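Please look over the sequence and the structure shown here before reading on. The paragraphs that follow start from one position and then widen to the chain as a whole.

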Amino acid sequence: MEDTYRVPVKEGDRIRAGLAMQLVAVPTGIAPEAMVAGVRQGPRQVQARRLAMYLAHVGLGWTVERVGHAFGFNRATVSAGCRWVEDARDDPAVDGLMERLELAVRQVCETPHLEMTRLDTVAVAR
């Protein structure tokens, strides 16, 4: 029996990795589930996953090891993906996209934590 070893990942890291995948999904049209599917993927899905991992690495400032843990891949896969994106950034369209995505992920993740219990006292405008 061969069990795959998975490092425990904090819920906050899973949420932030999910955010990176969701942000990449919008311009690429690749669903986050397809980026980390447990089956061999096509080139478009792999490229989208690389963009999301790079976004977590650069946009969130994570180490490649932390990115690997959050995405369920090893450090070598993350490193290779990040190198691919770095090379792809020579294209102004890719570079502009990554700049916008990095800004978006930073802005969302730097937002102060919201205490959900406070929402009960806030009037919701409809």
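V7 is found in the segment before helix α1, which covers residues 11–28; helices here are DSSP runs of H or I with at least four residues, strands are runs of E with at least two, and both are numbered from the N terminus. The model is a predicted one, in which local features need pLDDT of at least 70 and side-chain atom pairs count only at pLDDT 80 or more, while totals for chains, interfaces and linings use all residues. Residues are numbered from 1 along each chain as its sequence is written, and side-chain values use heavy atoms, with hydrogens and water left out.

With a relative accessibility of 29%, V7 counts as partly exposed, given that buried means under 20% relative accessible area, exposed means over 50% and partly exposed lies in between, for a 1.4 Å probe and protein chains only. Although V7 and A70 are 63 residues apart along the chain, their C-alpha atoms are separated by 8.7 Å.

How do helices α3 and α5 pack, and at what angle? Helix α3 (residues 43–59) and helix α5 (residues 75–88) pack at an angle of about 95°, with their axes 8 Å apart; the axes are lines fitted to C-alpha atoms, for helices over the stretch in contact, and angles run from 0 to 180 degrees between N-to-C directions. The two helices are therefore roughly perpendicular to each other, a term that covers angles of 65 to 115 degrees. On the α3 side the contact is made by Q47, R49, R50, L51, M53, Y54 and H57, and on the α5 side by T77, V78, G81, C82, W84, V85 and E86.

R49 also has its charged end over the ring of F73, 4.3 Å from the ring centre; for Arg this requires CZ, and for Lys NZ, to be within 6 Å of the ring centre and within 35 degrees of the ring normal.

Turning to the whole chain, there are 6 helices and 0 strands, and buried residues make up 33% of its 126 residues. Among the contacts with a separation of 6 or more, 60% are accounted for by residues 24 or more positions apart.

Definitions and conventions: Angles under 35 degrees count as roughly parallel, over 145 as roughly antiparallel, 65 to 115 as roughly perpendicular and the rest as oblique. Contact means heavy atoms within 4.5 Å.
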